[in-house]
Amino acid sequence: MALIQWRKCTIGWRGWHVRMARMARFKALKLLSKHIQKNHSTTEDNPAVAVPPSWVLRKILIQSRVHPKVTKELLEKNASVQAFVSWLLYACSPAGEGIQSPLSYALASLRDTPDRGPGGAYDRLAALPPAEFVRLVRWSIKRVSRKYELQPTSSGNELWEKTVGASERHAILLTILLGEEAATETWERKETQIFMDDGKVLQEVETTRTYHS
């Protein structure tokens, strides 16, 4: 009788120990997931970089280290900042394939036609509020790292997807329009499945790639 009770106590203790170990592992995974999610969102969206309510050509040219003579010339011509963004977007799009320096191309085009961009869809996209424009650029960069997803997310802007598409090269747009601090690491996210006796737990694992402008 005593032996049976001892065995029951032993089995019960082992069961309790296994359950506690599972709970500890589960809590550890949740903490890891929250930590990764926090780091991911902070780096990926880079909230430290403020998006202006409107583009200012002088500020963009200065932070991009454009030669003072060129800057002065464009400002004296009252060059359109929307035209500049439009030419920049064109240079980073599939239509601008082969353009080695989007900034130099946009500056040269703006000096020739200070008040006009390439026209069409590029001008319409360049006219978007900076916050929306930056959102689309960030979507484009993320979309490239998730190109093998079965159900890829949409940008919500058909014109952007049709005209510009998705490319890592679009990080150049953030560097020029928002400054060098915008050229941060972009993150890829993968999900690894860990199976446990009482269910399935998902652990998020991330790898990083740094974009150099």
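In what order do the elements of the chain run from the N terminus on? The order is α-α-α-α-α-α-α-α-α-β-β. That gives nine helices and two strands. Please keep in mind that this is a predicted model.

Confidence comes next. The chain averages a pLDDT of 75. A score of at least 70 is reached by 58% of the residues. Two stretches need care. Over residues 31-45, pLDDT stays under 50. The model has 21 contacts for that stretch, counting those beyond four places in sequence. Residues 184-192 are also below 50 in pLDDT. There the model has 36 contacts beyond near neighbours in sequence.

Now the chain as a whole. It has 213 residues, and 37% of them count as buried. Take the contacts between residues at least 6 apart in sequence: 69% of these join residues at least 24 apart.

Let's go to helix α5, residues 102-112. Which of its residues are buried? They are Pro102, Leu103, Ala106, Leu107, Ser109 and Leu110. These residues span an arc of only 165° around the axis, so they sit on the same side of α5. The general rule for spacing is simple. With 3.6 residues a turn, residues three or four places apart in an α-helix point the same way.

What covers the buried residues of α5? The cover includes α2 (57-63), α3 (68-76), α4 (81-92) and α9 (171-178).

Look at α4 against α5. The two helices pack at an angle of about 135°, and their axes are 8 Å apart. That angle makes α4 oblique to α5. The crossing is right-handed. Which residues make the contact? From α4 come Ala83, Phe84, Trp87, Leu88, Tyr90, Ala91 and Cys92. From α5 come Pro102, Leu103, Tyr105, Ala106, Leu107, Ser109 and Leu110. Compare that with the buried list for α5, which includes Pro102, Leu103 and Ala106.

Helix α4 has another partner, α9. Their axes come within 10 Å and cross at roughly 155°. Angles over 145 count as roughly antiparallel. So α4 and α9 are roughly antiparallel to each other. This crossing is right-handed. On the α4 side, the residues are Phe84, Val85, Leu88, Leu89 and Cys92. On the α9 side, they meet Ile172, Leu173, Ile176 and Leu177.

Start with Asp115. Where is it? Asp115 lies in the loop between α5 and α6 (120-126). Is Asp115 buried or exposed? It is exposed, with a relative accessible area of 55%. The cut-off for exposed is over 50%. Beyond its neighbours within four places in sequence, Asp115 is in contact with Ser80 and Ala83. Ala83 is also one of the α4 residues in contact with α5. Asp115 and Lys77 are 38 residues apart along the chain, with their C-alpha atoms separated by 8.7 Å.

Now Leu136, in helix α7 (residues 130-145). Leu136 is buried, and its relative accessible area is 0%. What is Leu136 in contact with, leaving aside neighbours within four places in sequence? The partners are Leu128, Ser155, Asn157 and Trp160. Along the chain, Leu136 and Val164 are 28 residues apart. Their C-alpha atoms are separated by 9.9 Å.

To recap the pair: Asp115 is exposed, whereas Leu136 is buried.

Methods: Residues numbered from 1 in each chain as written. Predicted model: local features only at pLDDT ≥ 70, side-chain atom pairs only at ≥ 80, totals over all residues. Heavy atoms only, no water. Buried < 20%, exposed > 50% of the residue type's maximum accessible area, 1.4 Å probe, protein only. Helix = DSSP H or I, 4+ residues; strand = E, 2+ residues; numbered from the N terminus. Arc of directions from axis to C-beta. Contact = heavy atoms within 4.5 Å. pLDDT = per-residue confidence, 0-100. Axes fitted to C-alpha atoms, helices over the stretch in contact; angles between N-to-C directions. Parallel < 35°, antiparallel > 145°, perpendicular 65-115°, else oblique. Left-handed = near helix turned anticlockwise from the far one by under 90°.
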